[in-house]
Amino acid sequence: MRRRSRAPVPDRSPSLPVRLGISWLTNALVLAIVAGLLGGVRVSDAGDLLAAAAVFGVLNTLLKPLLRLVTLPLAILSLGVAWFFVSLLMLLLTKAIVGGFYIHGFSTLVLATLIVWLVNVLLDLTPGPWQLTGKRRRRWRREGE
């Protein structure tokens with residue numbers, strides 16, 4: 001008996017520049033939502049918002065995974081609370097690097113981190129092109145078939 005070979009499924013994922021653009025605009029949207037909801041978060045203009053989104057995206061892509069690995073033992077002991085502070089640090093570093101992006105006060109920083117987390121959870125639950133990596137990408141591709 002002869003087995004039929006399955007034809008390879010063409011990769012319908014967007015190109016790398018498109019994925020980076022979607023990620024950048026998604027970060028800009030998230031930071032704009034934070035600035036709109038919290039009076040203590042201010043962005044000077046659209047250029048600073050886009051710069052903050054780019055810096056935030058790069059920090060989340062390069063630095064955050066390394067910090068999560070380093071803080072893994074502490075995260076286990078604190079039941080994951082340590083990783084909230086890693087996320088908080090990403091916003092704090094973005095604020096320090098981008099001159100036109102301001103977060104006034106620690107409580108505002110904590111609220112901003114919670115809002116970023118909540119918006120990202122909502123985006124994770126909503127199928128779309130922003131779900132481009134890992135488990136989210138496989139789920140998006142499966143639902144698109």
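1. Please keep in mind that the model is predicted.

2. With that term in hand, look at the largest nonpolar core, which has 24 residues. The members that touch the most others are Leu31, Val34, Val41, Leu91 and Phe101. Two or more residues each come from helix 1 (16-37), helix 2 (46-70), helix 4 (81-97), strand 2 (101-103) and helix 5 (106-125). As background, nonpolar side chains in soluble globular proteins tend to be buried together.

3. Leaving aside residues up to four places away in sequence, Leu91 touches Leu31, Phe56, Phe101, Ile103, Leu109, Ala112, Thr113 and Val116.

4. Next, the pairing of helix 1 with helix 5: their axes come within 10 Å and cross at roughly 135°, so helix 1 is oblique to helix 5. The crossing is right-handed. Helix 1 contributes Thr26, Val30, Ile33, Val34 and Leu37 to the contact, and helix 5 contributes Ala112, Ile115, Val116, Val119, Asn120 and Leu123.

5. Stepping back to the whole fold, there are six helices and two strands, in the order α-β-α-α-α-β-α-α from the N terminus. Among contacts with a separation of 6 or more, 62% join residues 24 or more positions apart.

6. Finally, the surface. The protein has 145 residues, of which 31% count as buried.

Notes. Residues are numbered from 1 along each chain as its sequence is written. This is a predicted model: local features need pLDDT of at least 70, side-chain atom pairs count only at pLDDT 80 or more; totals for chains, interfaces and linings use all residues. Side-chain values use heavy atoms; hydrogens and water are left out. Helices (H or I, at least four residues) and strands (E, at least two) are DSSP runs, numbered from the N terminus. Buried means under 20% relative accessible area, exposed over 50%, partly exposed in between (1.4 Å probe, protein chains only). Contact means heavy atoms within 4.5 Å. A nonpolar core is a set of buried Ala, Val, Leu, Ile, Met, Phe, Trp, Tyr and Cys residues joined through side-chain atoms within 4.5 Å. Axes are lines fitted to C-alpha atoms, for helices over the stretch in contact, and angles run from 0 to 180 degrees between N-to-C directions. Angles under 35 degrees count as roughly parallel, over 145 as roughly antiparallel, 65 to 115 as roughly perpendicular and the rest as oblique. A crossing is left-handed if the near helix is turned anticlockwise from the far one by less than a right angle, and right-handed if clockwise.
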